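I opened my notebook and went through this protein one look-up at a time. Come along and check each entry on your own screen.

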Amino acid sequence: MKRKSIAVGIIVMIGMVVSLSIYGITKSNTLGNITYSCKQQTSSISDFTFEGERGDNLKFSFSSNVENGSLDIMLCGSDGNTVYELDRAKELVTWFTLEKADTYTLVAEYSNFVGNFKIKITT
């Protein structure tokens, strides 16, 4: 009887360790986000910067309602060069894997823009 209780206790503990490990691996980490809305034509740039490591798998979640003007969203490295550009869409979820460790900036550039958009990057 005592062995059975010990075995059950060990199985429960192993289950908890495995569950916590899976949670730690799959938990997303928000690197940054931009939410913007305007009712009059505006031209500007919104951005945020984050540190990325080689092999980081980034998830971009994007939605927009462009009533007028243009909206371009790109990921740039510390040298200012674009490493990834998001497609234009009303809604988009896409992934990108970083090729090197660097300081990255997500840039949302809008011109004569009327509408709203929201973008979030997680790992």
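**Entry 1**

I began with Tyr36 and Phe117, and both of them are buried. A note to myself before going on: this is a predicted model.

Next I looked at how the two rings sit. Tyr36 and Phe117 form an aromatic pair, with 5.8 Å from centre to centre. Their planes are 40° apart, and the pair is tilted. I then traced where each partner comes from: Tyr36 lies in strand 1 (residues 30-52), and Phe117 lies in strand 5 (residues 102-122). The two are 81 residues apart, and their pair links distant parts of the chain.

**Entry 1: another tilted pair**

I moved on to Phe48 and Phe50, which also form a tilted aromatic pair. The centres are 6.2 Å apart here, with 40° between the planes.

Are these two residues buried or exposed? Phe48 has 11% relative accessibility, and because the cut-off for buried is under 20%, Phe48 counts as buried. Phe50 comes to 6% relative accessibility, so Phe50 counts as buried by that rule too. Over the protein, I counted 10 aromatic pairs.

**Entry 2: the overall plan**

I stepped back to see the layout. The protein has 1 helix and 5 strands, and along the sequence the pattern reads α-β-β-β-β-β. There are 123 residues, and 31% of them count as buried.

I also checked the contacts between residues at least 6 apart in sequence: 82% of these join residues at least 24 apart.

**Entry 3**

How do strand 2 and strand 3 run? I found them antiparallel, with 3 bridges joining strand 2 (residues 57-76) to strand 3 (residues 82-85).

**Entry 4: the outside**

Last, I turned to the surface. The accessible surface is about 8,200 Å², and carbon and sulfur atoms account for 52% of it.

Which residues form a nonpolar patch on the surface? I noted Ile6, Ile10 and Ile14, with about 280 Å² of accessible area together. I placed Ile6 in helix 1 (residues 2-26).

How values were computed:
Residues numbered from 1 in each chain as written. Predicted model: local features only at pLDDT ≥ 70, side-chain atom pairs only at ≥ 80, totals over all residues. Heavy atoms only, no water. Helix = DSSP H or I, 4+ residues; strand = E, 2+ residues; numbered from the N terminus. Buried < 20%, exposed > 50% of the residue type's maximum accessible area, 1.4 Å probe, protein only. Contact = heavy atoms within 4.5 Å. Areas by Shrake-Rupley, 256 points an atom, 1.4 Å probe, with all protein chains shown as cover. Patch = residues over 30% accessible without salt bridge, like charges linked within 9 Å, V, L, I, M, F, W, Y side chains within 5 Å. Salt bridge = Lys/Arg side-chain N within 4 Å of Asp/Glu carboxyl O. Pairing = 2+ DSSP bridges. Phe/Tyr/Trp six-rings, centres within 6.5 Å; stacked < 30°, edge-to-face > 60°.
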